Amino acid sequence: MIVFVPENHGHGHYFRSLHIARALNEHGCQDIAFLLDTFENITPAYPTIEGEGLKAAEKIVVDSNNAEFVKFVVKQSRGQDVIWINDLNDPCDIAAVTTIAPFASNNVDENVFSGLDYFVVSKSEKRKKVTEVKNIGISFGSLDDTNNLFFTLFRLQESGLLGKYTYHVLIGKNFKFKHFIDEVFEDSVDYGKIMFHESDFESIYDYLAFCDVLISCCNCTALE
């Protein structure tokens with residue numbers, strides 16, 4: 001399994017691919033090609049999947065929201081199973097492709113599987129019973145392009161809740177708003193109760209172990 005994760009992808013895309021690889025491996029599939037495009041500019045990604053390498057794979061998993069990129073991959077394959085994972089509300093139907101679209105509003109085709117049942121998450125026995133909330137986790141994906149983290153912290157402060165709990169905030173190495181958040185809250189006496197963690201845990205459950213409650217959005221972390 002070889003996966004290249006562009007800078008504008010979060011680690012959730014990689015771990016989602018990893019879980020699928022392990023599941024396919026348990027069913028006897030040994031050679032799996034995983035492809036993640038760059039979303040914004042996919043043209044440079046094309047040459048990396050040309051040649052015989054892609055045709056040698058038993059299965060191909062494409063994590064992308066770009067239908068044209070998926071069509072290109074299908075043309076480069078030799079007709080083996082192609083699985084397309086995307087976050088589109090209504091993905092288009094592409095021949096010879098099985099689609100996993102967790103946010104699809106309806107099944108547009110018999111090969112399109114929608115709903116939370118088709119999110120692939122890892123298995124873990126790290127569960128805990130919460131009787132008192134002391135630690136709250138906040139995670140909006142490793143990139144959080146719309147800076148949901150800032151608005152959440154602002155509302156918590158405005159509501160008088162920022163100093164009441166210890167907050168464990170999960171961010172990625174390429175999260176671009178950290179300096180802005182530090183600057184806005186630097187004079188707050190409650191800012192010291194916020195612990196920032198970069199997304200370098202071996203398992204998402206190692207992060208969730210800090211948390212009694214998680215504030216998140218509809219992403220892989222929340223579903224884990």
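Me: Which residue in S8 is the bridge partner of Ile171?
Reply: Glu198 is that bridge partner in S8. The model is a predicted one: local features need pLDDT of at least 70, side-chain atom pairs count only at pLDDT 80 or more, and totals for chains, interfaces and linings use all residues. Residues are numbered from 1 along each chain as its sequence is written, and side-chain values use heavy atoms, with hydrogens and water left out.

Me: How does the chain get from S7 to S8?
Reply: Through helix H5, residues 178-185. This β-α-β crossover is right-handed. With the strands pointing away from the viewer, a right-handed path runs clockwise from the first strand over the helix to the second.

Me: What's the strand order in that sheet?
Reply: S8-S7-S6-S9. The sheet is open, has four strands and pairs in parallel. S8 (194-198) and S9 (213-216) are the edge strands, each pairing on one side only.

Me: How much are neighbouring strands turned against each other?
Reply: By 25 degrees on average, direction ignored. Axes here are lines fitted to C-alpha atoms, for helices over the stretch in contact, and angles run from 0 to 180 degrees between N-to-C directions.

Me: Which helix packs on the sheet and touches S6, S7, S8 and S9?
Reply: H4, residues 148-158. Its direction makes about 150 degrees with that of S6. A contact means heavy atoms within 4.5 Å. S6, H4 and S7 also make a right-handed β-α-β unit.

Me: Tell me about S6. What does it pair with?
Reply: S6 (residues 135-139) pairs with S7 (residues 166-171) in the parallel sense, over five bridges. Ile136 has Tyr167 in S7 as its bridge partner, and Ile138 stands opposite Val169 in S7. S6 is also joined to S9 by four bridges, again parallel. There, Gly137 stands opposite Leu214 in S9.

Me: Why is S6 called largely enclosed?
Reply: Because four of its five residues are buried. S7 is largely enclosed too, since five of its six residues are buried. Buried means under 20% relative accessible area, exposed over 50%, and partly exposed in between (1.4 Å probe, protein chains only).

Me: Which residues of H4 are buried?
Reply: Leu149, Phe150, Thr152, Leu153 and Leu156. Down the axis of H4, its buried residues fall within an arc of 165 degrees, so they line one face of the helix. That arc uses the directions from the helix axis to the C-beta atoms. The cover over them includes S6, S7, H5, S8 and S9.

Me: And what's exposed on the other side of H4?
Reply: Phe151, Arg155 and Glu158. Just after H4, Gly160 takes a positive phi of about 75 degrees.

Me: Which members of the largest nonpolar core touch the most others?
Reply: Ile138, Leu149, Leu153, Tyr167 and Ile181, out of 18 residues. S6, H4, S7 and H5 each give two or more residues to this core. H4 gives the most, with four. A nonpolar core is a set of buried Ala, Val, Leu, Ile, Met, Phe, Trp, Tyr and Cys residues joined through side-chain atoms within 4.5 Å.

Me: What does Ile138 touch?
Reply: Setting aside residues up to four places away in sequence, its contacts include Leu149, Leu153, Tyr167, Val169 and Leu214. There is also a second, separate core of 14 residues, with Ala33, Ile60, Val62 and Val70 among them.

Me: New topic. Where is Asn86?
Reply: In the loop between strand S3 (81-85) and strand S4 (97-101).

Me: Buried or exposed, that Asn86?
Reply: Buried, because its relative accessibility is 0%. Leaving out neighbours within four places in sequence, Asn86 is in contact with Ser64, Asn65, Pro91, Thr99, Ile100, Ala101 and Pro102.

Me: Last one. What share of the whole protein is buried?
Reply: 42% of the 224 residues. Among contacts with a separation of 6 or more, 59% join residues 24 or more positions apart.

Key:
Pairing = 2+ DSSP bridges.
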